[in-house]
Amino acid sequence: MSANLTFDISRNPNPMPPAERQKALEHLGFGTLFSDHMAIIEWDAATGWHSARVAARRPFEIDPAAAVLHYGQEIFEGMKAYRNGEGQLVLFRPEENARRFNASAERMAMPPIPEALFLEAVEQLVRVDADWVPAGEGASLYLRPFMFASEAFLGVRPSQKYIFSVIACPVGPYFSGGAKPITVWVTEDYSRAARGGTGAAKCGGNYAASLAAQARAYEEGCAQVVFLDAAEQKWIEELGGMNIFFVFDDNRIVTPELGTILPGITRQSLLTLAREEGLEVSERPYAFADWKADSESGRLREVFACGTAAVVASIGEAKFEGGSLRMGNGAIGPVTERLHHKLTGIQRGTEADTHGWVRVVS
Ligand SMILES: *Cc1c(COP(=O)(O)O)cnc(C)c1O
């Protein structure tokens, strides 16, 4: 049934007027402006995937007993459509998002969606909302595929009904400070994920659980929170929504290994690019105590965070209970800059795509 679903496309009869849209696209923030359409595919245990469509963006009507509202069965993805130099609309490694979405689904006892169907939903939406893909440096159409449990029942068991959807947001830079290095808060009170938990799944609950730590980070004047491992409160894991890299004075780069962290596609891509740049890359545990010692000794030269939303964000300072660490001179380091430039160049079509990472949508 689901293998060759056809999408019903119905255009929004009241789209934002072009002049208004054009104006909105000139003042982009992050996550507050939405396109005219959405993609939806439904699933139930009897039929499987069905009713695939692209339609006007509008609120869902769900039962007050819908399982997602009570037990949090929800997963999502984050990806971007770019307008390259030739005016083509492209996606960056969307197959990886499809694969990760299904890994998240499996962890949350939700039905997998065929990768081709996931990709088609994303591409159909990008084509219908093509006028919403902004041009210009740092601008893109952020795509949010997600799935939630929609069956009405109270009781702890997997839902028998789900809604998969994709919405789109034209976005500018993720951090309001632009490309300036960010300050992060290393929390020693809260954990993000434990062994056997949901750290590797992109499920809504992980982010709900991170908000108190994030609020503390804001109080301390920091843009993001860095989590340590739950078992020992010793090893660096990642930020609330980004992976982290450490660059040393001998051309070595370290990033925490996979397991309880979210397997970032940006992280994976930067590991590949860093190796090609001749850097010695390792995925291994790195202790907070070593971060402190290596900052003091000067061996640690640069620290950056990465993810689809913010791409590469230089970390200029890390604060924690009772102290702070400055990274280098607080400016964006050369390795961070080079990797950022290379990655965004591939995404924008100004650097050769030797890995087949870019997929042309239209
Ligand atoms: C989405 C996310 C990332 C980054 O993943 P990308 O595929 O690079 O966008 C990293 N950490 C967390 C917790 C995330 O949710």
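Strand β16 and strand β17 (residues 323–326) run antiparallel and are joined by four bridges. Two strands count as paired if DSSP finds at least two bridges between them. Helices (H or I, at least four residues) and strands (E, at least two) are DSSP runs, numbered from the N terminus. This is a predicted model: local features need pLDDT of at least 70, side-chain atom pairs count only at pLDDT 80 or more, and totals for chains, interfaces and linings use all residues. Residues are numbered from 1 along each chain as its sequence is written, and side-chain values use heavy atoms, with hydrogens and water left out.

- Strand β16 spans residues 311–320 and is mostly covered, with nine of its 10 residues buried. Buried means under 20% relative accessible area, exposed over 50%, and partly exposed in between (1.4 Å probe, protein chains only).
- The hairpin of β16 and β17 has two residues between the strands. In this hairpin G322 takes a positive phi near 90 degrees.
- Strand β15 (residues 300–307) also pairs with β16, in the antiparallel sense, over four bridges. Here C306 faces V312 of β16 as its opposite residue.
- I182 stands opposite I315 of β16.

**Ligand site**

- The ligand has 15 residues around it, and K202, Y207, E238, T266 and T308 come nearest. A residue is near a molecule or strand if one of its heavy atoms lies within 4 Å of it.
- By class, this shell holds four nonpolar, seven polar and four charged residues. Ala, Val, Leu, Ile, Met, Phe, Trp, Tyr, Cys and Pro count as nonpolar, Asp, Glu, Lys and Arg as charged, and the others, Gly among them, as polar.
- R100 places a polar side-chain atom 2.7 Å from an oxygen atom of the ligand. K202 likewise has a polar side-chain atom 2.7 Å from a ligand oxygen atom.
- M242 uses the backbone: one of its polar backbone atoms is 3.4 Å from a nitrogen atom of the ligand.
- Taken alone, the ligand exposes 380 Å², and the protein buries 96% of that. Accessible areas come from the Shrake-Rupley method with a 1.4 Å probe; for residues, only the protein chains shown count as cover.

**Aromatic pairs**

- The whole structure contains 17 aromatic pairs. Rings of Phe, Tyr and Trp (its six-membered ring) pair if their centres lie within 6.5 Å; planes under 30 degrees apart count as stacked, over 60 as edge-to-face and the rest as tilted.
- F60 and F148 form an edge-to-face pair, 5.1 Å centre to centre with 70 degrees between the planes.
- F60 lies in the loop between β3 (48–56) and α2 (67–71) and F148 in strand β7 (residues 140–149), so the pair ties together parts that are 88 residues apart in sequence.
- F60 is partly exposed at 31% relative accessibility, whereas F148 is buried at 6%.
- The ring centres of F101 and F118 are 5.3 Å apart and their planes stand at 50 degrees, so this pair is tilted.
- F101 belongs to helix α3 (residues 94–107) and F118 to helix α4 (residues 115–128), so the pair ties together parts 17 residues apart in sequence.
- F101 is buried, at 0% relative accessible area. F118 is buried at 0% as well.
- Ring pairs also link F246, F248, Y286, F288, W291 and F320 into a cluster.

Methods
A polar contact is a pair of N or O atoms within 3.5 Å; within protein, one must be able to donate a hydrogen and the other to accept it, and residues adjacent in sequence count only if both atoms are side-chain atoms.
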